[in-house]
Amino acid sequence: MAQQPPGEEPPANVAGKWTIYSKGEDGKTATQSIEVSQDGGTITGHFKGPNQSGGLEGTMNGRHILFRTKTPEVLTFRGTFDGNSIEGTFDIRGKKGTWEARRPD
């Protein structure tokens, strides 16, 4: 069994389906969904939002997630995974907002 270098935790497992609740700086809210596959620190999957859908790709570093959508209007999501949810910030076309993701019941 490979050992992790000191001070580095292995990537958390975020594979599966998630519902994202986002709020833009303009106050608008949206609900999106992602389905994530994970291979070590690399994540891929599918993004579905109210206005567009497409692939996604990114990384997991410990509990920190970063992914971008492969959609006409690219969204970049950054966040921290706590075991049950992910919270963070996103940006699209220079506008920022906050998001929270939960696994559907």
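This is a predicted model: local features need pLDDT of at least 70, side-chain atom pairs count only at pLDDT 80 or more; totals for chains, interfaces and linings use all residues.
1. The space inside the largest pocket comes to about 510 Å³.

2. As for where they come from, at least two lining residues are supplied by each of strand 1, strand 2, strand 7 and strand 8.

3. Now turn to the largest nonpolar core, which holds 20 residues. Which of them touch the most other members? They are Val14, Phe67 and Trp99. Two or more core residues come from each of these elements: strand 1 (16-24), strand 2 (29-39), strand 3 (42-48), strand 4 (53-61), strand 5 (64-70), strand 6 (76-81), strand 7 (85-92) and strand 8 (95-102). Strand 7 gives the most, with 3 residues.

4. Phe67 deserves a look of its own. Leaving aside neighbours within four places in sequence, Phe67 is in contact with Ile20, Ile34, Ile43, Leu56, Glu57, Gly58, Leu75, Thr76, Phe77 and Trp99. Among these partners, Trp99 is also one of the core residues that touch the most other members.

5. Next come the aromatic rings, where the count is 6 aromatic pairs. Take Phe47 and Phe77: their ring centres are 6.2 Å apart and their planes meet at 45°, so this pair is tilted. Phe47 sits in strand 3 and Phe77 in strand 6, so the pair ties together parts that are 30 residues apart in sequence.

6. Are Phe47 and Phe77 buried or exposed? Phe47 has a relative accessible area of 1%, and because buried means under 20%, Phe47 counts as buried. Phe77 is likewise buried, with a relative accessible area of 1%.

7. Phe77 has another ring partner, Trp99. This aromatic pair is edge-to-face, with 5.1 Å from centre to centre and 80° between the planes. The pair links distant parts of the chain, since Phe77 is in strand 6 and Trp99 is in strand 8, 22 residues apart. Trp99 is buried too, at 3% relative accessible area. Taking the rings together, one aromatic cluster is formed by Phe47, Phe67, Phe77, Phe90 and Trp99.

8. Which residues does Thr19 contact, leaving aside neighbours within four places in sequence? They are Thr31, Gln32, Ser33, Glu100, Ala101, Arg102 and Pro104.

9. Finally, visit Pro11, in the segment before strand 1. Pro11 has 33% relative accessibility, so it counts as partly exposed, the class between under 20% and over 50%. Not counting residues up to four places away in sequence, Pro11 touches Gln38, Gly40, Gly41, Met60 and Gly62. For a sense of distance, Pro11 and Lys48 are 37 residues apart in sequence and 24 Å apart in space, C-alpha to C-alpha.

Technical notes
Residues are numbered from 1 along each chain as its sequence is written. Side-chain values use heavy atoms; hydrogens and water are left out. A nonpolar core is a set of buried Ala, Val, Leu, Ile, Met, Phe, Trp, Tyr and Cys residues joined through side-chain atoms within 4.5 Å. Buried means under 20% relative accessible area, exposed over 50%, partly exposed in between (1.4 Å probe, protein chains only). Helices (H or I, at least four residues) and strands (E, at least two) are DSSP runs, numbered from the N terminus. Contact means heavy atoms within 4.5 Å. On a 1 Å grid over the protein atoms alone, a cavity is a set of points where a 1.4 Å probe fits but cannot get out, and a pocket is an open set with protein on both sides within 12 Å along at least five of seven lines; lining residues have an atom within 4 Å of a point. Grid points are joined across faces, edges and corners, and a volume is the space filled by probe spheres set on the points. Rings of Phe, Tyr and Trp (its six-membered ring) pair if their centres lie within 6.5 Å; planes under 30 degrees apart count as stacked, over 60 as edge-to-face and the rest as tilted.
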